[in-house]
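These are my notebook entries on a two-chain model. I set down what I looked up, entry by entry.

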Amino acid sequence: MTEKKHKNVFQKGAISSEFIGNSIAKHQTKTSIGAHNIFLGQVRADVIDDKTVTAIEYTAYEDMANAKFHEIREAAFDKFELTCMHIYHSLGTVKAGEICLFVFVSSPRRKIVFKALEYIVEAIKADVPVFGKEIFEDESHQWKVNS
Amino acid sequence: MQIDIKYFGQIAEVTQQKEESLEFSGTLVSELLDILYNKYTLLKDKDFQVAQNQELVSIEAKVTGTEIALLPPFAGG
């Protein structure tokens, strides 16, 4: 059990393109970086039994989730030569077409960021207790499961 | 001992609350689950994992912590 307070990865609502753009801009001073790689998770308007998903409402076991994000971050820094790494995940309602996950890794070299990004995104999908309620246009819902 | 139990996602829909405190005198996580299955009959049909003090545990683990969470399938990203 960890008592240490971890960095909060969660943001309320969708992650805006301005926020993503600003994050990129902030790295212009870090000139040892030669390659960035970015993953953006976007809410998909899945059609299930003729009903279309209009939004996902995210909830999380926040303390455990932030601890898991921290573990994933530490493991990625151990495994890969990264200069920096940022992870942001939405909570609450994110409409179809909006961004719900933003992962940003930077390294001196390109090959590293391809591998690191995949490792981090797969670990987030598998290990972090985030739950998604898929809301249909008629306001009915079903629970999303990562495949 | 007094245990705080947290429910998330579709599990919270079944229990109709996000958390509760229970007095528990048993030993194993599976015994605690039996109490909850009795209380919430629909819980048996649901897929979930158990976390104890924010770490996933097997149902054969001993209840040592004061915070137990029932976690439905993860859907992050």
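**Entry 1: S32(A)**

I looked up the contacts of S32(A), leaving aside its neighbours within four places in sequence, and found T83(A) and P108(A); contact means heavy atoms within 4.5 Å. The model is predicted: local features need pLDDT of at least 70 and side-chain atom pairs count only at pLDDT 80 or more, while totals for chains, interfaces and linings use all residues. Residues are numbered from 1 along each chain as its sequence is written, chains are lettered from A and ligands numbered from 1 in the order in which they are written, and side-chain values use heavy atoms, with hydrogens and water left out.

I placed S32(A) in the loop between α1 (17–25) and β2 (35–42) of chain A; helices (H or I, at least four residues) and strands (E, at least two) are DSSP runs, numbered from the N terminus. S32(A) counts as exposed at 52% relative accessibility (exposed is over 50%, buried under 20%, partly exposed in between, with a 1.4 Å probe and protein chains only). I also checked S32(A) against K7(A): their C-alpha atoms are separated by 25 Å, and the residues are 25 apart along the chain.

**Entry 2: the interface**

I found 19 residues of chain B in contact with 26 residues of chain A. The two chains bury about 1,900 Å² between them, 59% of it on carbon and sulfur atoms; buried area is the accessible area (1.4 Å probe) that two parts lose on being put together, summed over both. On the side of chain B, Q54(B), F74(B) and G77(B) lose the most area to chain A, together 37% of what that side buries.

I then searched the interface for salt bridges (a side-chain nitrogen of Lys or Arg within 4 Å of a carboxyl oxygen of Asp or Glu) and found one. E55(B) forms a salt bridge with K68(A), with the closest N and O atoms 3.6 Å apart. The elements of chain B that give two or more residues to the side touching chain A are α1 (9–15), β4 (55–57) and β5 (67–71).

**Entry 3: aromatic pairs**

I searched the whole structure and found 11 aromatic pairs over all chains; rings of Phe, Tyr and Trp (its six-membered ring) pair if their centres lie within 6.5 Å, and planes under 30 degrees apart count as stacked, over 60 as edge-to-face and the rest as tilted. Y7(B) is buried, at 1% relative accessible area, and Y40(B) is buried at 9%. In chain A, ring pairs link F19(A), Y88(A), F102(A) and F104(A) into a cluster.
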